[in-house]
Amino acid sequence: MSNMSILLVCLGMGAVTYAPRVLPLLLFAGKEMPNWLKEALKFVPVAMLSALVAKDVFFKDDALFMSLSNPKILAFVLVAIVAAKFKSIPISLVVGVGSIFIFSTIL
């Protein structure tokens with residue numbers, strides 16, 4: 001590929017990435033969203049995070065992996081308990097990383 005082709009590909013990728021972020025701002029600027037839409041959009045971040053966590057914890061090679069030999073399930077349960085008790089993101093992160101390391105080593 002020539003340098004010009006690489007530059008055009010990079011600019012195209014930038015435009016394709018930027019467009020979905022800026023178009024809603026341009027289209028809906030100055031307009032009020034309906035309350036039902038505001039309420040529905042509150043659940044999007046939680047739903048996305050839940051889907052990503054579930055895919056990572058409960059699946060291995062696109063197959064359901066529900067077993068006590070799955071270190072991610074054990075770490076997930078431990079982190080859920082710690083997060084509920086302490087309500088601290090740093091503590092939960094340290095426990096999560098440590099438990100993944102320990103359970104992966106043991107199992």
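The model is predicted, and local features require a pLDDT of at least 70, side-chain atom pairs count only at pLDDT 80 or more, and totals for chains, interfaces and linings use all residues. Residues are numbered from 1 along each chain as its sequence is written, and side-chain values use heavy atoms, with hydrogens and water left out.

On the surface, a nonpolar patch is formed by L49, V53, F76, V77 and I81, which together have about 430 Å² of accessible area. The elements contributing two or more residues to this patch are α3 (44–58) and α4 (71–86), and α4 gives the most, with three residues. Helices are DSSP runs (H or I, at least four residues), numbered from the N terminus. Patch residues have over 30% relative accessible area and no salt bridge, a side-chain nitrogen of Lys or Arg within 4 Å of a carboxyl oxygen of Asp or Glu, and nonpolar side chains (Val, Leu, Ile, Met, Phe, Trp, Tyr) are joined within 5 Å. Accessible areas come from the Shrake-Rupley method with a 1.4 Å probe, and for residues only the protein chains shown count as cover. V53, found in helix α3, has a relative accessible area of 31%.

The largest pocket holds about 220 Å³ of space. The elements that give two or more residues to its lining are α3, α4 and α5 (89–106), and α4 gives the most, with six residues. The pocket is an open set of points on a 1 Å grid where a 1.4 Å probe fits, with protein on both sides within 12 Å along at least five of seven lines, and lining residues have an atom within 4 Å of a point.

Key: Patches are made of residues with over 30% relative accessible area and no salt bridge: like charges are joined within 9 Å, nonpolar side chains (Val, Leu, Ile, Met, Phe, Trp, Tyr) within 5 Å. Buried means under 20% relative accessible area, exposed over 50%, partly exposed in between (1.4 Å probe, protein chains only). Grid points are joined across faces, edges and corners, and a volume is the space filled by probe spheres set on the points.
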